[in-house]
Amino acid sequence: MGGLRNWGMLSLGVLVAVLLALPLVVKNSFVIDIFIRILLFAFIGVAWNLIGGYAKQLSLGHAAFFGLGAYTSTILQIDFGVSPWIGMVCGGVVAALASLPIGWLCFRLRGPYFAIATIATAQVLMLIFLKFRDLAWGAEGTTIPNLGHAPLMMQFEGKTAYYYIALAMLTLGLAITYRIERSWMGYYLVAIGEDEDAAEAVGVNAPRIKRDIYMISAFLTALAGTFYTQYIYFIDPNTAFNFSVSIEAALVSIVGGVGTLWGPVIGTVLLEATSALLQSWLGSSGGVQLTVYSLILMAVILWRPTGIMGFITDVYQRRIRAHGGSVQAVLDA
Amino acid sequence: MLEILAQAVINGLLIGGIYALVSIGVTLIFGVIKIVNFAQGEFVMIGMYITFFLFTQFGIDPVVSLIVSMPALFVVGVLVQHFLIRRVLGLNDLPQIFLTFALSLLILNLALMLLTANYRTVHTWYSDEALHIGGLYIPVAKLIAFVLAMALSGALWVFLRATDLGKAMRAAAQKPEVAMLMGINPNRVFCVALGIALALAGAAGSLLMPFYPAYPMVGQVFVLMAFVAVVLGTLGNVVGALIASLMMGVAESLGIQFVGADSGLIVVFAMLLLTLAIRPSGLAGGRAR
């Protein structure tokens, strides 16, 4: 197994080096924008994967936390002059706290009805921000005052800095997932995902574990909300609590492979690359992107329910068997 | 004041009849096949567009177009069950949820591509007519929709109670293994159940058309209502879904009347979350699972 480990570390090192060097080589802002989207949605997918992938609590309401993060930092910035860097953490805390009552309600239901209840919570939050103008600008939303180059206020000229922030967030999300995967919590999560009643029967405190992982997931999703608002310099209830954020968070994980470290990343690369290709091909006409996403999703569910990661694992194991069960033989071949 | 209240209740009941057709479909599918159909609203949308095209191309009245929209969606239901849903039965939650969810996304976005996001309306001779009874205002188109919706719900109830196929359906819902031993082919029963559920969604679409615009996203309003009604009325319970839908229509209408025009949905979602907090198993007290 030593050989495999070294190969893994080596390819990870190459990947990190390429990602770090990328903005130095690629100067086209359209391409950088695509990479920022990939990093951002991979990060949201990683956050979703903690609760949706490992614990199999299939949330379709992560836009709630995305929006809370976006609104918290923006309100702090515009009304109180607080830097979005601080606002980002505050947004994460607000979302984590909000996940307590949301989870308290929604975890009473299982499976599809959990998903529906989470949709409802995100929709209620959107309606609240639409309806109560005193709270935050109502339906019109607001633009973020452009201060030019102001790193302390999370504003930069050019897109390179945003790229590195998104890359840092994704790294954070993956590191947290890696740690959780290898801790007792990771095993409890998988046990809950496999069969919640059985997990409880052997002494796993399922409500507590679900509550804790939901908080972590909400916290991370909110960071993405702050970042996105700062990146596009605009916020309104429809972008902040958009259902498509909830959809994409779940979709990238399912297509890539739920409950795996790299699944959401691979899923995002596939979906966002397809979407970018389609846009340059057909223009950004309404419906094309989600039509293709839904076809990919359907194909994955019907033929590869374990996602692309499951497919890779299958092929890999078949090759190991074909080479007499030795990993080294496969690598040498 | 009392008159305003009565008017709001009537408005709510009338639209609640349409919600009932959608909810009964969702609850029937859940009861028999044990899956939640996220695409139910999109089939309402298809029903609306069928009705719209029959009206604009051939001048066929929306009520008459029921005889096209219902069989057409019945066939769609049989195909969806046989070619898609059958393949994920017995698997875990994830494929079951996301298959119909993907179907919903697919139909919605195909409609967006092919039919554009424009609102389509149908104007019949009774679209602007209304009955005035003791100071109350009852639009004829909504009354027709309500009466036919109730008639269809009643017909379904009789079908489930009195016919062999209906009894087979209820048997397959309660004990699929035993039903199979008794010679019931579950896939055939499931096909019929999904067909009926989609036919009801198509009927809802046709009946809506004289007073409601068709657009690709229209189904989402109705499916959310239906999900809430189905939870309220206890999953899989047809009569529960019917009563809950009428209640939701009234709640929404009261919200619009007394809180503000765009607060109807807030009231409905608040009802859902409140139900979850107080009685997660639904008003009829069945299982929440």
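Analyst: A crossing is called right-handed if the near helix is turned clockwise from the far one by less than a right angle, and left-handed if it is turned anticlockwise. By that rule, in this predicted model, helix 3 of chain A crosses helix 4 of chain A in the right-handed sense.

Two packed helices are described by the angle between their axes and the distance between the axes. Here helix 3 of chain A covers residues 63–80 and helix 4 of chain A covers residues 84–106. Their axes come within 8 Å and cross at roughly 140 degrees. Angles over 145 degrees count as roughly antiparallel, and 65 to 115 as roughly perpendicular, so helix 3 of chain A is oblique to helix 4 of chain A.

The residues that meet can be listed by helix. From helix 3 of chain A come A:Ala64, A:Phe65, A:Leu68, A:Gly69, A:Thr72, A:Ser73, A:Leu76 and A:Gln77. Facing them in helix 4 of chain A are A:Pro84, A:Gly87, A:Met88, A:Cys90, A:Gly91, A:Gly92, A:Val94, A:Ala95, A:Ala98, A:Ser99 and A:Ile102. By class, this contact between helix 3 and helix 4 of chain A has 11 nonpolar and eight polar residues, with no charged ones.

For context, chain A also touches chain B: 32 residues of chain A are in contact with 32 residues of chain B. On the chain A side, helix 5 (112–131) and helix 14 (288–303) each supply at least two residues. That side of chain A has 22 nonpolar, six polar and four charged residues.

Key. Residues numbered from 1 in each chain as written. Chains lettered and ligands numbered in written order. Predicted model: local features only at pLDDT ≥ 70, side-chain atom pairs only at ≥ 80, totals over all residues. Axes fitted to C-alpha atoms, helices over the stretch in contact; angles between N-to-C directions. Helix = DSSP H or I, 4+ residues; strand = E, 2+ residues; numbered from the N terminus. Parallel < 35°, antiparallel > 145°, perpendicular 65-115°, else oblique. Contact = placed C-beta atoms within 7 Å. Nonpolar A, V, L, I, M, F, W, Y, C, P; charged D, E, K, R; others polar.
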